[in-house]
Amino acid sequence: MNNQLSYFDVIILIIYCILLIGGGFYSMFKHNRSTVKGYFLANRQMSWFCIGASLFASNIGAEHFIGLASAGAAKGISAGAFELHSLGVLQILGWVFLPVFVATGVSTLPEYMSRRFGGQRIRIYIACLYLLLYILTKISVNIYAASLFLNYAFQWNLYLSVLFVLSLTAICTVSGGLASVMYTDTIQAIIMIIGGFILMILSYEKVGGIPEIYRQYLNAMPSIIDDKQMGNITNSVMNTCMKPTLKSFQMLRSASDSEMPWLGFLLGHTPNTIWFWCSDQMMVQRALAARSISHARGGTLLAGYLKILPIFMIIFPGMISRILYPDIVACNQPSICKSICYNERRCTNVAYPTLVLNILPHGVKGIMLAIMLAALISGLTSIFNSASTIFTVDIYPNVFCYRRKNITNRELMIVGRLFVLLMTAIGIAWIPVVIQLQGVELYTYMQQVIGFLAPPIACVYLLAILWTRTNERGAFAGLMIGFVFGLLRMILEFSKQPPLCGENDTRFWLVRKVNFMYYSLFLFWLTLLTCVIVSLCTEPPTKEQLYRTTFWTKNQQKSASELEQMVDTAENKTSIVSQPTNSNDIHSPLPIEVETSLLNRNDDGDIESLHTNLGQTNHIEKSKGCNMFVLLKSCWSWFCGLDDGSANESSHDTQLEMRNKKENDEPDMMLQHRGERSLIKWILNINLVIILLIEISLFILFSLPVQYTFWRK
């Protein structure tokens, strides 16, 4: 293998870095990043194309290129079910969840829970659980996948390469906020698709086309070499270890199948997918940044169409890698596997890097390196921005509740950026832990963790949006019960590794006999029953808690007297972080705009004190120091989006102007935001039907027994 980069590879990497930085600077010039809404929601000005590309790029990270190709090499096309299932669930986000989130005017999903149920304990719990899930399933997996590729393909030092990528990721996230993240995601989505198609076409040509995959994959086994570590296990047993079967070409299998039971997948994995696409801050935040509901739905449709690609662009090439290089990718003997990929169990995780190094012509490796960097950076920037949003909006003001009245908009911006740096440090510190995951199949590990922790969250969000009788006590009880049982199964699952080839499985019977998707189904119904029973036995939610917070009340309007009373209450009890700020003028000194649709909050600060504090924050005293120091400070503030604004008098005038404007505005701002033209509605709804039909057709096509499909032909 030639692991050296040519001049052409270096030029491609330089062009990629220029495009990446250019996209970030474009967002810095175009969008106001000095407000909560500007930094975390891109001022709600993103188009459908950017939203769809960002959803796709945020999802298809480095772990997908490594993990999906590994799953294809090890088990065939079954992992493609996880990708195809996203086509329909993404549309649930656009047509069911998102209108409710927009109607409530929230910035984060934990904030929606506080608006829907009242109180803060559910909001803080879900915010902390999101951060835990990000560390376990996103940060660690992304870092491991990218480091595996770089280390195996280019022999780069693990810590230095990861440190460089994390630093570049932090710069992109800190400087530009969500707008920068989404613009760079758009660039990286295009790069990933182009590079993935190049490798896909070359690999199909190398193996002789898709029909040849069926014939050759079933016989793709390594040469048998006696392995002293295997003890009394004979070569005949070794020859059957991890040998592909006809089930490898069937996506959804019998209900009792140990890997992909159709019943467990449709009923058990659906809640996991709903959590990932409809109630995960990282994904929903991109849809919330849309300039209208039409653009948000167009983005989910585009992301759905793009999600068809991974099965052809990643999984099939992973299978081809096993066909072409069985002694490496299909290794099943501990000593040989350890010498190849430092893993005694299997080396399917190197299927994609092996294909890159052997298929691509000399000089094109830089393209694939750019793709892996794009996948890693897009995933990590999305994680960092979403984690920063959750910490800044949901955790920080509640931890420091004793000084909530004094928390300024500028302080929140600084805290958000510092938390990005903290997440970067956690990512670097997590590398030794990630290295220990080498014995786990990457994609399966990620799906299992989500399956143990996500179903209770998905259940509570579904009940909160679709059942008006759900109250705070029921939701909290369901979350706690579901978390305890999910954590118990996760401990049992990862306390003991699966047996090596030919060994007896001595794990706990629950782990051996019950597929994790069936356990996810159990968690979902356990949470649902607990929530329903407790809610029915306690007092129902108030009218204020249901005002525009459910699918059935999202268009609700109040009379003039009721609306005036809500505005008066909101001005006294609205959370600092819930108040969107005006972003029409990037030079304005952070004026605050009060949303009339906000609901009562029991323990938040007084809005008048916020106005005063912001005025004091924006007041800039005449500098007594060196002019160069003032210039450097101004440049740094601009780079980080911390616009100091102008004088305090201008702030007061702007606030007064916005108050007068608000009094004359139509009270239902969110209804205007949700408005759609009839032609646009028809186009979106027609595409909705088309994408659902495509999903059903692909599931049927790939789930039929092999003798009834195109594989044999």
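Rings of Phe, Tyr and Trp (its six-membered ring) are taken to pair if their centres lie within 6.5 Å; planes under 30 degrees apart count as stacked, over 60 as edge-to-face and the rest as tilted. The model is predicted, so local features need pLDDT of at least 70 and side-chain atom pairs pLDDT 80 or more, while totals for chains, interfaces and linings use all residues. Residues are numbered from 1 along each chain as its sequence is written, and side-chain values use heavy atoms, with hydrogens and water left out.

The structure holds 25 aromatic pairs. One of them joins F485 and F522 edge-to-face, at 5.9 Å centre to centre and 75° between the planes. This pair links distant parts of the chain, 37 residues apart. F485 lies in helix α24 (residues 472–494) and F522 in helix α26 (residues 516–537); helices are DSSP runs (H or I, at least four residues), numbered from the N terminus.

F522 also pairs with Y519. Here the rings are tilted, with 5.5 Å between centres and 50° between planes. Y519 and F522 are three residues apart in helix α26, so about one helical turn separates them.

Accessibility was computed for these residues. Buried means under 20% relative accessible area, exposed over 50% and partly exposed in between (1.4 Å probe, protein chains only). Y519 is buried at 7%. F522 is partly exposed at 38%, as is F485 at 33%.

Y519 also meets a charge. The charged end of R489 sits over the Y519 ring, 5.2 Å from its centre. The criterion is NZ of Lys or CZ of Arg within 6 Å of the ring centre and within 35 degrees of the ring normal. R322 likewise sits with its charged end over the ring of Y217, at 5.8 Å from the centre.

Elsewhere, F82, F265, Y443 and F699 form one aromatic cluster.

How values were computed: Helix = DSSP H or I, 4+ residues; strand = E, 2+ residues; numbered from the N terminus.
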